[in-house]
Amino acid sequence: MKPFMSGALALAFALGAAGAAFAEPPGDPKAVKTVDGKSFDAKGDPTYNIKPDGTVDFYTFSGYRRYMGNCSQCHGPDGMGSSYAPALADSLKTIGYAEFAGIVIGGRQNVGGGNEKVMPALGDDKNVTCYLDDIYIYLRARSNDAVPRGRPDKHDPKPPAFEKAETECMGVN
Ligand code: HEC
């Protein structure tokens, strides 16, 4: 872990501290609570909520779009991986929410042995940090085969709370 601590990185630590061990694996993805269109599992981690007819909650849909815009160039479409970066649809079977947030915000490097693989620290990129939960929720759904590959066909409308949080986070009006 790098010695600096930006606001976003401090947030990752706060999330980690709140949830106990940093490397805690994801729990049961079942949504037990939904607040303003955003669902949470029994541990309080963000999760997806998909109706029997395939309609996804707005966070899953948003996460799909943000993943495709900010992660897929390295991690491949739909979390399927590439020759350069791992398949996050597999990674999230074992990587829990706090660890995910820590890696995305702080980055990670795996160099040596002819390897030069770098996960950039994206903690200063609002297009990522403002949608960190959304991206996690989407990838969590992919890791459990709860959504197929590709753009989700049907999604819930954007909740007013989503709009408000987005505006505040992105600093636009
Ligand atoms: C410039 C390329 C690049 C981009 C963009 C990128 N990553 Fe990565 N990411 C990597 C590489 C390479 C690794 C593997 C690093 C290693 O081996 O330690 C990685 C590793 C990860 C891991 C750990 C996976 C595991 O199995 O251990 C997570 C989680 C992750 N990235 C999430 C994301 C998310 C979410 C985004 C978009 C917001 C993203 N990454 C954008 C290149 C990238």
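Mentor: The dialogue below takes up confidence, strands, a glycine and a pocket in turn.

Trainee: What is the average pLDDT of the protein chain?

Mentor: pLDDT is the predictor's confidence in each residue, from 0 to 100. The chain averages 89, and 86% of the residues score at least 70. Over residues 16–21 the value falls below 50, and this stretch has 3 contacts (heavy atoms within 4.5 Å) beyond near neighbours in sequence. The model is predicted, so local features need pLDDT of at least 70 and side-chain atom pairs count only at pLDDT 80 or more, while totals for chains, interfaces and linings use all residues. Residues are numbered from 1 along each chain as its sequence is written, and side-chain values use heavy atoms, with hydrogens and water left out.

Trainee: In what order do the strands of the open sheet lie?

Mentor: Strands of a sheet pair through backbone hydrogen bonds, either parallel or antiparallel. Here 3 strands form an open sheet in the order β1-β2-β3, with antiparallel pairing. Strands are DSSP runs (E, at least two residues) and helices likewise (H or I, at least four), numbered from the N terminus; two strands pair if DSSP finds at least two bridges between them. Because β1 (33–35) and β3 (46–47) each have a single partner strand, they stand at the edges, and one side of each is left without a neighbour in the sheet. Between β1 and β2 (residues 38–40) there are 3 bridges, and T34 has S39 as its bridge partner in β2.

Trainee: How many bridges pair β4 and β5?

Mentor: These two are joined in the antiparallel sense over 5 bridges, and G112 stands opposite N115 in β5. They form a hairpin with 2 residues between them, where G113 in the turn has a positive phi of about 60°.

Trainee: Is G96 buried or exposed?

Mentor: Buried means under 20% relative accessible area, exposed over 50%, and partly exposed in between (1.4 Å probe, protein chains only). G96, in the loop between α4 and α5, is buried at 1%. Its C-alpha atom is separated by 4.1 Å from that of P26, 70 residues apart along the chain. Leaving aside neighbours within four places in sequence, G96 contacts E24, P25, P26 and Y136.

Trainee: Which residues lie nearest the centre of the largest pocket?

Mentor: A pocket is an open set of points on a 1 Å grid over the protein atoms alone, where a 1.4 Å probe fits, with protein on both sides within 12 Å along at least five of seven lines; lining residues have an atom within 4 Å of a point. The largest pocket has 28 lining residues, with H75, P86, L88, I103 and M119 nearest its centre.
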